[in-house]
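Subject: Structure handover and what was found in it

Dear colleague,

Please read the notes with the model open beside them.

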Amino acid sequence: MNLCGVFVFFTVLTLSAVLCIGAETVTKTDNALLPYISLPISVYILDDRNGELSSTRTNEKLIEVFDKANLIWSQAGIKFEIKYIGRIVLPSNILKELTNGNYNPFLTGMDHEFQISNPSLLNAFYTSSIGQVNGIAARSNMFFVTDFPSVRHERVTAHEIGHLLGLGHAHRDTARLMYSGTNGTILTKEEIKTARNNAKHKLNTTYHQD
Ligand SMILES: [Zn+2]
């Protein structure tokens, strides 16, 4: 590289650096303008009464997953606070159906065949398997995640929470959080608005019921 080449190289390098710093500043300013919304979540690890289908997850690892999922959701100014974390022992037939992807026996058996301690505004269930998928959102306040997803752990959790906050699937851009089956993490401005509105609504509804 001659002297001119070196000069052009460094000019491009400096320009890129300035542009990068500029872009980052804008993002941070945007986030700073958002009042943070904090949503309580209860986290459950599902065990089998017979032991065979028990989840391999641990409290410590799941707390790490939530720390990382919170980083993804920080772009929307939303944070998930673990209010409870613990294990539930399920009747084997209910867990077997769940690991095959059928969560209906779980929903109907709840409060009858097994109890959920400390349910919260959002409830996350971690199970050894859930059929062929990484995660499933159910009703408006719960989701299930498999022990061995095809994408990053925090991404599955962050994606399923997106469904609970009213977001549907993205279809064109694999870099987006709501695209199915990728490690994308981006939320659009419209998605952030929808998620924040739904998060506020969930908080208001819960407090009024109390
Ligand atoms: Zn999905």
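This is a predicted model: local features need pLDDT of at least 70, side-chain atom pairs count only at pLDDT 80 or more; totals for chains, interfaces and linings use all residues.

Taken as a whole, the protein chain has six helices and five strands, which follow one another along the sequence in the pattern α-β-α-β-α-α-β-β-β-α-α. Of its 210 residues, 31% count as buried, and among the contacts with a separation of 6 or more, 63% come from residues 24 or more positions apart.

The sheet

The five strands form an open sheet in the order β2-β1-β3-β5-β4, with mixed pairing. Because β2 (78–90) and β4 (135–138) each have a single partner strand, they stand at the edges, and one side of each is left without a neighbour in the sheet. From one strand to the next, the twist averages 20°.

At the β4 end, β4 and β5 (residues 142–146) pair in the antiparallel sense over four bridges, with Ile 136 opposite Phe 144 in β5 and Ala 138 having Met 142 as its bridge partner. These two strands form a hairpin with three residues between them, and Arg 139, in the turn, has a positive phi of about 50°. Strand β5 also pairs with β3, here in the parallel sense and over five bridges, and Phe 125 stands opposite Phe 144 in that pairing.

How much of β5 is buried? Five of its five residues are, so the strand is largely enclosed by the rest of the structure. Met 142, Phe 144 and Thr 146 point one way from β5, while Phe 143 and Val 145 point the other way. In a regular strand the side chains alternate between the two faces of the sheet.

The helices

Helix α2 (residues 59–73) lies across β1 (37–48), β2 and β3 (122–127), and runs at about 150° to β2. Helix α5 (residues 153–164) also packs on the sheet, where it touches β2, β3, β4 and β5, and its direction makes about 25° with that of β4.

In helix α3 (residues 92–99), the buried residues are Ile 94, Leu 95, Leu 98 and Thr 99. Seen down the axis of α3, these buried residues fall within an arc of 130°, so they line one face of the helix. An α-helix has 3.6 residues a turn, so residues three or four places apart point the same way. The cover over the buried residues of α3 includes β1, β2, α4 (104–109) and β3, and α3 is followed by Gly 101, whose phi is positive, near 100°.

Ile 37 lies in strand β1. Is Ile 37 buried or partly exposed? It is partly exposed, because 18 other C-beta atoms lie within 10 Å, whereas a buried residue has 20 or more. Not counting residues up to four places away in sequence, Ile 37 touches Gly 77, Ile 78, Arg 196, Ala 199 and Lys 200. Ile 37 and Ser 74 are 37 residues apart in sequence, and their C-alpha atoms are 9.8 Å apart in space.

With best regards

How values were computed: Residues are numbered from 1 along each chain as its sequence is written. Two strands pair if DSSP finds at least two bridges between them. Axes are lines fitted to C-alpha atoms, for helices over the stretch in contact, and angles run from 0 to 180 degrees between N-to-C directions. Two residues are in contact if their C-beta atoms, placed from the backbone, lie within 7 Å. A residue is buried if 20 or more other C-beta atoms lie within 10 Å of its own, exposed if 12 or fewer, and partly exposed in between; C-beta atoms are placed from the backbone. The arc is that of the directions from the helix axis to the C-beta atoms.
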